[in-house]
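Visitor: Can you walk me through this one? I'd like to start with a charged pair.

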Amino acid sequence: MTQNGVLQIVLYGVALLALVKPLGAYMARVYLGQACGLDRVFGPLERQFYRLLGAQSQREMDWKTYAVAVMAFNILGIVALFLLQCAQGHLPFNPQQVGAVRADSALNTAISFVTNTNWQNYSGETTMSYLTQMLGMTVQNFLSAATGMAVLVALIRGIAGNRVTDLGNFWVDLTRTTLYILLPLSLILALVLVSQGVVQTFSPYADAHLISPVTDPSTGRVLHDQTLALGPAASQVAIKHLGANGGGFFNANASHPFENPNPITDFLLVLAQTVIAAALTYTFGRMVGDTRQGWTILAAMLIVLSTAIFASYAFESAGNSSLQAAGVDIAASNQQAGGNLEGKEQRFGIARSALFATTTTATSCGAVDSLHDSFTPLGGLIPTLLMQLSETILGGVGSGLYGMLAFVLLAVFIAGLMVGRTPEYLGKKIESFEMKMVALIVLLMPFIVLGATALALAIPAGTDSISNPGPHGLSQVLYAFSSMGNNNGSAFAGLNANTPFYNLLGAATMFVGRFGVILPVLAIAGSLAGKHRVPPGPGTLPTHTPLFVGLLIGTLLGIGALTFFPALALGPIAEFLQVSAGG
Amino acid sequence: MTNRLREQLRPAALALLALTLVAGVLYPAIVTALAQKLFPWQAGGSLLERDGTTVGSALIGQSFGDPGYFWGRPSATAPFPYNGGASGGSNQALSNPAWLNAVKARIAALKRADPENPAPIPIDLVTASASGLDPHISPAAAFYQVGRVARRRGLDAERLRDWVAERIEPRQWGVLGEPRINVLRLNLALDALTQDRSPRIR
């Protein structure tokens, strides 16, 4: 670890915190239907939208109607994206003339992008046409993020409401999120990215004439040219990070120099993939009328996140000491990054790679600027564990906070049991129905993640795809389903996941992992909305104190870490022991 | 429930269509138009030309095997290194014996090209990058190769080292990222240098 590396991490933290309040307050105005400035620009377009959607489209919805609207919209999105991939060979904007995507792969990708997972079993530059990238991938980058934020806002309205049945209107929330939050931010970020070198063109791939022809070591052929994959990348990369989506335009994702050309863009992308999720805690505080509640949740998130960042940075800086004996210099200095550089880019070095890896898995982004598969055993454990905490450490945009609020209710409930009082949160009594839904949310994910991992490890269709021997092979499978079950999308990418088995089981995991949480969250929202707001009494547990921060972190780690510890012991921890023993 | 679904299906389809037009057509079109207007060189891939021929991108690395050039980092793209049409890394675990063997083979190749060099090899020269297209090496990796390149090109090693040091890209804003050297640009400048037989170094 170097002073400069620590400084880069601190700089990120300062920038993030500085943006929480302004962006959070702005988003609160958007969701409260107040003037936000941009409505003067996009207002006419917004009203045009509602006219198109019909007279019913702005009516308030109870939780069941809201849920039906979410499901109808998302399932149609899956169908559309699936068909687009199958038909891309016959459609325009396909300069490289790629053909239809195989059905099982297309289904996996469609569900992946609609669920905000962005797990990719394909390589962008060889599989998808420019049209599919724009009409399919870019669109779902926006819409899946907007869906998550809309569901969160419905939950917040449920918590804040007093004996009401309605949670707002999904079409309005979806439209306002897209037009007033995601599009303007993406437009600005995309142009900044282009100025730094991210490509944005409809031209076919470029051809370069090598100044020094090289012999291909595998075939003995002499290569005189280099193909340079291009495309409309910047517009997609911007929303891929802002929406915590993470699906790369190119196969190498944010390690590809055309997606993330320099440390400044890397800084911006890390900021972008965390800022909306962080700011939503402030939005939440505003909308429930007590901003301390939002800051408390953010504090819990950031304590876990910063611990993870520095741990990951330490493990990757230490690298693989066995190389020193072979005559390799791994010490960090002003002359070289040092550490474990396998699967990392020189311009980012260790600090930026560790920062990126932890923020991308703490949020449900899943973009990568380095290859997690080639991390040290414990360096790779951190991203795995962060995903297994149900993507609540910032998490996805919207989805992170609604997941975290489920854990808040659980923490309140546990505290209530300890003192023998009916638990309440923000004036709402937490009763049996809410706790059943919370239990469903908290237990469903480990059930599908561990179940799918166990199945994949038990049959050849699962184990044949493993690319690294020993305990690391288990880690690859565990990582894959932790990623899909929590809608993250990053991978230990050596695993060959583009097989019918992984595509179909993965598609099911992603679908259940997303909507199996959204539906109970909306049910909780509906139930809480109907309740009286009771004034706090002497027995009320204050939920804006350092004590509560500790209780919340304890609940999270208790559930997340204990559930997955046995599996982690067989994977990354066993690999760590094996490597330290020199085997 | 079916009533609710019937009510919401039409707005769902129309919302998908309308938002697809905005986010999937208008938005990328506007970004592309502005990008081509404001930053045409970057938007098109930061292509480098020499004598009117495109020789590569300032952002994408290339494979150099000739000992008279500076070498970049190992690349794990398939089916050949630095395939700009199919980015990717090795994804090998550090506990994978194949990884250690690959690193040892790279060490041996570097030693073969420069047997007298006693310095330890900088880690970036023996590990594959994430993208397989990493355009940079560390200053240490460039300095490690100075002796070999100077011999092959008949240059003075000390002066070549100073010349290389001038081409280090520092951390951005003094803080962000790591110091680095763009290999393709370095080699292009090296060719130019030896062609005009600059007296500065000769």
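Visitor: Is A:R59 buried, exposed or partly exposed, and what puts it there?
Guide: A:R59 counts as partly exposed, because its relative accessibility is 45%. Buried means under 20% relative accessible area, exposed over 50%, and partly exposed in between, with a 1.4 Å probe and protein chains only. This is a predicted model, where local features need pLDDT of at least 70, side-chain atom pairs count only at pLDDT 80 or more, and totals for chains, interfaces and linings use all residues. Residues are numbered from 1 along each chain as its sequence is written, chains are lettered from A and ligands numbered from 1 in the order in which they are written, and side-chain values use heavy atoms, leaving out hydrogens and water.

Visitor: Which side chain does A:R59 meet in a salt bridge?
Guide: That of B:E7, at 3.3 Å from N to O. The pair crosses between chains, from the loop between α2 (39–53) and α3 (63–87) of chain A to helix α1 of chain B. A salt bridge here is a side-chain nitrogen of Lys or Arg within 4 Å of a carboxyl oxygen of Asp or Glu. Helices are DSSP runs (H or I, at least four residues), as are strands (E, at least two), numbered from the N terminus.

Visitor: And B:E7, buried or exposed or in between?
Guide: B:E7 is partly exposed, at 38% relative accessibility.

Visitor: How many salt bridges cross the interface of chain B and chain A?
Guide: The rule finds four. One of them joins A:R347 and B:D134, at 3.9 Å from N to O. On the chain B side, helix α1 (residues 2–38) gives the most, with 27 residues.

Visitor: How much area do the two chains bury?
Guide: About 9,000 Å² between them, with 66% of it on carbon and sulfur atoms. Buried area is the accessible area (1.4 Å probe) that two parts lose on being put together, summed over both. The contact (heavy atoms within 4.5 Å) takes 109 residues from chain B and 120 from chain A.

Visitor: Back to B:D134. What else does B:D134 pair with?
Guide: B:D134 forms a salt bridge with B:R73, with the closest N and O atoms 3.0 Å apart. B:R73 sits in the loop between β2 (53–57) and α3 (97–113), and B:D134 in the loop between β3 and β4 (136–137), so the pair ties together parts 61 residues apart in sequence. Both residues are buried.

Visitor: New topic. Where does A:T109 lie?
Guide: In helix α4 (residues 103–114) of chain A. A:T109 is buried, because its relative accessible area is 0%.
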